[in-house]
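Look through the structure shown here, keeping the sequence at hand.

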Amino acid sequence: AEIRHHCGFREFADPVMQFRMNRWLFALCWTGTDRPGVLFDRATTWLITQKVLLPAVTTLERHVAKLRSRVEERICTVLGRMANPATQARLEALLTVPEGGHLSVLDRLRKGPFRRSAPELVRALQRVEEVRRLGIDVTGSHRLPPGRVQAMARFACTARAAVMQRLPDSRRLATLVAFVMNLEASALDDALDLLDILITEIFAE
């Protein structure tokens, strides 16, 4: 106790230090996509720098995991609010396979144009229109860190529909919203790129 007092060390349970560390960790989790192990290492470095006595490893692990989970829940909540009940039903339908088909709607929308032809341009424009008809309200997207939204969208672009269906309800809805938010921009870019290629070829001829 005398050594702690003389050197100015503080306990991990100190309310002031807990508040400062939680606010710092929350900002890291909100804006970044670091793995729990990386967050644990950064939290340890922060505690040493702030002259806070290190707790047991499992105590700090649980603390980091709990705060990271809170951030993910908040992000999922904000994303979920962008979809009204009708839109939520349309998003859930993306994971289903139409009767007589082999691909889910999600798999079909993920595929951009792959031929240089006028019919392919029409299909690309129809893809943009289909995404817009899902009716995602993006007015609140400025409140979310773009990196976190893009990370969820990348997961939706690579994960199988069956994997998406096994996600918890709030996480599945948030992932689908993030996917559609990014898909509208990328689908429009694909259509414009194909249009530019076709026009260039026409003038070249």
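**A walk through the model**

Ala162 has a relative accessibility of 31%, so Ala162 counts as partly exposed. The terms work as follows: buried means under 20% relative accessible area, exposed means over 50%, and partly exposed is in between, with a 1.4 Å probe and protein chains only. Ala162 is placed in helix α9. Helices here are DSSP runs of H or I with at least four residues, strands are runs of E with at least two, and both are numbered from the N terminus. Between the C-alpha atoms of Ala162 and Phe114, which are 48 residues apart along the chain, the separation is 25 Å.

The model is predicted, so local features need pLDDT of at least 70 and side-chain atom pairs count only at pLDDT 80 or more, while totals for chains, interfaces and linings use all residues. Residues are numbered from 1 along each chain as its sequence is written, and side-chain values use heavy atoms, with hydrogens and water left out.

Next come some single residues in other parts of the chain. Gln18 is part of helix α2. Its relative accessible area is 19%, so Gln18 is buried. Contact means heavy atoms within 4.5 Å. With neighbours within four places in sequence set aside, Gln18 is in contact with Phe12, Ala13 and His63.

Lys51 belongs to the loop between α3 and α4. The phi angle of Lys51 is near 60°, which is a positive value in a residue other than glycine. Lys51 has 36% relative accessibility and therefore counts as partly exposed.

Arg74 sits in helix α4. With 45% relative accessibility, Arg74 counts as partly exposed. Not counting residues up to four places away in sequence, Arg74 touches Phe26 and Trp30. Arg74 and Trp30 are 44 residues apart along the chain, and their C-alpha atoms are separated by 9.3 Å.

Glu184 lies in helix α10. At 31% relative accessibility, Glu184 counts as partly exposed. Glu184 touches Val131 and Arg132, again not counting residues up to four places away in sequence. The C-alpha atoms of Glu184 and Val131 are separated by 6.0 Å, although the two are 53 residues apart along the chain.

Now turn to how helices meet. Axes are lines fitted to C-alpha atoms, for helices over the stretch in contact, and angles run from 0 to 180 degrees between N-to-C directions. Angles under 35 degrees count as roughly parallel, over 145 as roughly antiparallel, 65 to 115 as roughly perpendicular, and the rest as oblique.

How do helix α5 and helix α10 cross, and at roughly what angle? The axes of α5 (residues 85-93) and α10 (residues 169-204) come within 10 Å and cross at roughly 85°. α5 and α10 are therefore roughly perpendicular to each other. On the α5 side, Gln88, Leu91 and Glu92 meet Arg172, Leu173, Leu176, Val177 and Val180 of α10. Sorted by class, this contact of α5 with α10 has five nonpolar, one polar and two charged residues. In this sorting, Ala, Val, Leu, Ile, Met, Phe, Trp, Tyr, Cys and Pro count as nonpolar, Asp, Glu, Lys and Arg as charged, and the others, Gly among them, as polar.

Helix α4 (residues 57-80) also meets α10: their axes come within 8 Å and cross at roughly 60°. α4 and α10 are therefore oblique to each other. From α4, Glu72, Cys76, Leu79 and Gly80 meet Ser170, Arg171, Leu173, Ala174, Val177, Ala178 and Met181 in α10. By class, the contact of α4 with α10 has seven nonpolar, two polar and two charged residues.

The last topic is the core. In soluble globular proteins, nonpolar side chains tend to be buried together. A nonpolar core is a set of buried Ala, Val, Leu, Ile, Met, Phe, Trp, Tyr and Cys residues joined through side-chain atoms within 4.5 Å. The largest nonpolar core has 49 residues, of which Leu79, Leu91, Leu94 and Val177 touch the most other members. Helix α10 gives the most to this core, with nine residues. Leu94 touches Ser104, Val105, Leu106, Leu109, Leu134, Leu176 and Val180, not counting residues up to four places away in sequence.
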